[in-house]
Amino acid sequence: MTAPEPTDGLGPWKQFLCRACGLIYDEGEGDPDSGLAPGTRFDDIPEDWACPICGVTKSDFEPYRRRAAVAPAPLPAAPSRRPGVAIVGAGIAGWSAAEAIRALDAQVPITLVTACGGDVYHKPELSVALGRGLSPDRLRRETGAAAAERLGVRLMADTVAVGLSPEPHSLRTTRGTLAYTHLVLAQGARPALPPGLDPALCWRINDLAAWTSLQAELAGGPRAVAVIGAGMVGCEIAEDLARAGHAVTLIGSDALPLPELLPAPAGRRLLAGLEGAGVRFLGNTLVEGLRRRPEGDIALALSGGAGMSAATVIAATGLATPARLVRGAGLAFDRGIVVDPETLRTSGPDIFALGDCVSIGGRPCRFIEPVARQAEAIAHAILGRPHPGYAHAAPVIRLKTRSAPIELHGNPVPGAPWHVVEQTRERLAMEQRHHGAVTAWLAA
């Protein structure tokens, strides 16, 4: 629901962008779940209000103005005759790259290739959308066609990039070969499904289309849902489903959720919050197989000979960067596309990459916060404009579980001990030291 046109004499409703996660606060829509009614001006928001997605305060928001439509030079019918910038992927990274390039040059040809329709949406909202009652239309900020028209971009929707030849600067797609002067790879990462999990029997929620189909399945009323994988996405989805009224079982391979990130005291705090929200947790458990039963529900074969059934199964078992395109082109790959940490250049000539698909120092970089800065650095490099370069730093990890929100800062060192700095009923603070220096700290 959006408030009627304002009558307070302060002009139309304004929007504000969260610098950390990209959420847009619209004064007309407010944030009812946090007590901000539609029509709440940004200046009237209490200072202790937190972003509903990532938890930062209003001081981390800035005024947001959608870029006005541009009038680029006419595009030829055969794009290969007029090379320009080609972008593969229409997620947050791909559209951010297009926005950054267009902000510097209104005329350079840009072609965006995507296997989907290219609609613009804020991906972090998918893991909290059901509990907030968001519909696909509310999640969709702009259609791909509208965004392409506004930015003067040639959108090749429902098109798959199938081959890359770096030296002749050509990209082969299911709609023909595209010549380019510069290429930006922003194809993201795909859900990694362990052996034994039949993809036809479990949902993987990594884009708006998949979430929309899941929402339709769940719209009939409360269901028994099994969420496989107790990482960040699994925990967030499990709590979101429970808040939406479903009976949720979260299945994790360790005794506590998020064992790869959180020390035991923080894991126990998270588990208590999830259970308080109505989530049932099965720890130290692996799912070895799925089978559709005659009754219509799904039987889960669990480790140790146990089993359970659910009406809906969701796999949140991690992500992997698609390697076929880049490996076929001979680009360096190490758990992701290897890029220079300052320029985001790959090992191929005039090829850049950003977002979920990149690897920096052997580590995938699957966070939203750095994407805008990565896109800005790439845009300047492509157009030959001076720029200090992208400065990579470990982003703050914010777990979007309202029952037990957690912030993790720094670079945790595997195996290094954690120390409790403060522990009360309301707050837990811990830090990790390595060679006398604080390498990471968390607050929960």
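**Around His-182**

Analyst: Leaving out residues up to four places away in sequence, His-182 touches Gly-84, Val-85, Ala-86, Asp-350, Phe-352 and Ile-382, where contact means heavy atoms within 4.5 Å. This is a predicted model, in which local features need pLDDT of at least 70 and side-chain atom pairs count only at pLDDT 80 or more, while totals for chains, interfaces and linings use all residues. Residues are numbered from 1 along each chain as its sequence is written, and side-chain values use heavy atoms, with hydrogens and water left out.

User: Where is His-182 found, and is His-182 buried or exposed?

Analyst: His-182 is found in strand E11, residues 176–185; helices (H or I, at least four residues) and strands (E, at least two) are DSSP runs, numbered from the N terminus. His-182 is buried, with a relative accessible area of 17%, since buried means under 20% relative accessible area, exposed over 50% and partly exposed in between, using a 1.4 Å probe and protein chains only.

User: And which side chain makes a polar contact with the side chain of His-182?

Analyst: That is the side chain of Thr-181, at 3.3 Å. A polar contact is a pair of N or O atoms within 3.5 Å; within protein, one must be able to donate a hydrogen and the other to accept it, and residues adjacent in sequence count only if both atoms are side-chain atoms.

User: New topic: in what order do the strands of the open sheet with E25 come?

Analyst: The 5 strands of that open sheet are ordered E25-E26-E29-E28-E27, with antiparallel pairing. Strand E25 (397–399) and strand E27 (418–423) stand at the edges with a single partner strand each, so one side of each is left without a neighbour in the sheet. The twist averages 20° from one strand to the next, where axes are lines fitted to C-alpha atoms, for helices over the stretch in contact, and angles run from 0 to 180 degrees between N-to-C directions.

User: Which helix packs on the sheet?

Analyst: Helix H6 (residues 264–276) does, touching E25, strand E26 (406–410), E28 and strand E29 (437–443), and its direction makes about 150° with that of E28.

User: And how do helix H1 and helix H3 cross?

Analyst: The axes of helix H1 (residues 92–104) and helix H3 (residues 144–151) come within 11 Å and cross at roughly 15°. H1 and H3 are therefore roughly parallel to each other, given that angles under 35 degrees count as roughly parallel, over 145 as roughly antiparallel, 65 to 115 as roughly perpendicular and the rest as oblique. Trp-95, Ala-98, Glu-99 and Arg-102 in H1 meet Gly-144, Ala-147, Ala-148, Arg-150 and Leu-151 in H3.

Definitions and conventions:
Pairing = 2+ DSSP bridges.
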